[in-house]
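This report looks at how the parts of a predicted model meet. The account begins inside one chain and then turns to the contact between chains.

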Amino acid sequence: MTTIEVVEPGLQTTVQDRGRFGYQALGVPVSGVLDFEAMRLANALVGNGGDAAVLEMRMVGPSLKAAEGTVRMALAGSEAKLTITLADGATRTVPAHQAFDLPADAVVKIGPLKGSVTACLAVSGGVDVPPLFGSRATYLRGPFGGHEGRALRAGDRLAIGEGAPAGPPLAVEPIPAPAGDTVLRVVLGPQADWFTDKGIATFLEEPYVIDGATDRMGMRLNGPEIEHVGGYNLVSDGIATGAIQVPGSRLPILLLADHQTTGGYPKIANVISADLPLAGRLGPGGVVRFEAVSVADAEVIRRDAEAALARRIGAMAPAQTAAEPSLAALSGENLISGVVDATNVGHPS
Amino acid sequence: MAADTVADKARFLSAGDGGVVVEFGDTVDRTISARVMKTAEMIRDAALDGVTELVPTFRSLFVHYDPTITSASTITDIIAAMPLDDVEASAMRHVWRIPVLYGGEGGPDLADVAATAGMSEADAVALHAGSVYNVYMLGFLPGFGYLGDTPEPLRLPRLETPRVRVPAGSVALTGQMTAVYPLESPGGWRLLGKTPVRFFDIAAERPALLAPGDGVRFVPVDDAAYDDIAALCREGRYEVEREDAA
């Protein structure tokens, strides 16, 4: 069986897939990748089904060694310069959004991510940790799922499923990184009526800055206080990923993949599902604004985003030779931008 | 006369393009809870396309859906038309006896809770431990049971700013509810004490100790008894005591 070995773990690298569904009634969160578009692009590049388990990394990526045999890999979701060091010491670099074959005993170092705090590395065949409640996703607070319920450490070995792809490594056009203030579209509710008109206006008109206390569970936001009508204690009810709750601090908290299944703070709005990958790319210090849309519009936007993602994947083409990485990246981009739809997936312009 | 439908007893709220909330009320009430459970059962039986998960809570049912397969309006129409006559709240099955070391490091809010209730800490503990609580639902964290009802004088709002870290085993309350944090987590409830009992264990046949409809009684223990039970729990040799429901 093929395995990969963790040489350096990166800042927080976890095994994730689409998430763990069906156990929220026991209080078990969904978890899964923060950026499902990155996961699907990475999996497509290595010939996997879209939901195969990947390694999700935050801010600084790991260094990984192919412990037995060649492994095809691809990083998607952020820019990064991947350095491959072969067993004989020779090195070369590969960009993100391009598959590559890591020969036995070679090491790939991913290093700092650029343009997103989150990226996904897919390996051909998928990361084969034992599924728990039907999913390989890691839930850090559990701690369970993924690899021993925790972020990877140096020395960990991960099994990889069967399925080496034939043909040359592919490249895909990356999803553009957000620039400047980022707009997250929301549907107001289910407790928008717990806020004054002024509170709603503050929420929709003012910028919020992402706090350092941000993790896979939620993103605290700093900015103008949002006014409640009265109290801020409600009888706990269910929570969707992307819910924005406003506790007594009057500052919003955007709930992400590892969020609790139920809660008792009023939820002013939910980030629409098409914008959740974008939310997952944002880190401390980033500035966000919120824009309201209807549920029906949110559903259409999501379906359009799915279609655009499918077109992006359909337009994958063989990567240019990696001997000249910068030229290869350039020509790859030109080659692909001629055929792919220019829709800025997940990023409202 | 036509039978009542879900629409006669609930309102539908939007939770983005992935969730519809079917809300039967805004209080903790056994009758409302029974309607939630009944509606969940009907939706499960109907196996609606694109409905991915159902999360029953005290007063509402959260219907998770996949917006690439169905829409909020489609599932709302179907659920609204489902028949819903009055359903009886069921009795508790059995009562778990949970040992608790009240106050001290594990219960930093006991003094505040007692002071707000206008009683001594000992009286607040006696009051909290003097009730049998019903498990209304699980949520918030794996194995986290919402237990009610907390005696009136002990009902306090959540902390204005939730704690970043509440230890596993913390016994806490807010409003009508009492709970035990099964895992370390951020949390805004008031902490009264701690228990060594594990409320969620993925290796167990039933990962969550509690199920809706169970009862819970908190039994005050001293430091020495706490340490003894904690040692047994660590070795996996502690069996939580159970009494039959009255």
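Within chain A of this predicted model, 25 residues of domain 1 are in contact with 18 residues of domain 2. The domain assignment places domain 1 of chain A at residues 3-169 and domain 2 of chain A at residues 182-298, and the C-alpha centres of these two domains lie 29 Å apart. The two domains of chain A bury about 1600 Å² between them, with carbon and sulfur atoms giving 52% of that area. On the domain 1 side, A:Gln24, A:Leu34 and A:Arg141 supply 30% of the area buried against domain 2 of chain A, which is more than any other three residues supply.

Four salt bridges are found across the interface of domain 1 and domain 2 of chain A, and the side chains of A:Asp35 and A:Arg281 meet in a salt bridge at 2.8 Å, N to O. Helix 1 (36-45) and strand 3 (54-58) of chain A each supply at least two residues of the side of domain 1 that touches domain 2. That side of domain 1 of chain A is made up, by class, of ten nonpolar, ten polar and five charged residues.

The contact between the chains takes 50 residues from chain B and 48 residues from chain A. Chain B and chain A bury about 3800 Å² between them, 57% of it on carbon and sulfur atoms. Of the area that chain B buries against chain A, 17% is supplied by B:Asp17, B:Glu53 and B:Arg158, more than by any other three residues.

Two salt bridges are counted between chain B and chain A, and the side chains of A:Asp193 and B:Arg11 meet in a salt bridge at 3.9 Å, N to O. Across this interface of chain B and chain A, 16 residue pairs are in polar contact, both residues at pLDDT 80 or more. Several strands of chain B, among them strand 1 (11-14), strand 3 (51-56) and strand 6 (132-138), each supply at least two residues of the side that touches chain A. By class, that side of chain B has 27 nonpolar, 15 polar and eight charged residues.

| Interface | Buried area |
|---|---|
| Domain 1 and domain 2 of chain A | about 1600 Å² |
| Chain B and chain A | about 3800 Å² |

Notes:
Residues numbered from 1 in each chain as written. Chains lettered and ligands numbered in written order. Predicted model: local features only at pLDDT ≥ 70, side-chain atom pairs only at ≥ 80, totals over all residues. Heavy atoms only, no water. Contact = heavy atoms within 4.5 Å. Buried area = accessible area lost by both parts, 1.4 Å probe. Polar contact = N/O pair within 3.5 Å; in protein donor to acceptor, adjacent residues only side chain to side chain. Helix = DSSP H or I, 4+ residues; strand = E, 2+ residues; numbered from the N terminus. Nonpolar A, V, L, I, M, F, W, Y, C, P; charged D, E, K, R; others polar. Domains from an automatic or database assignment.
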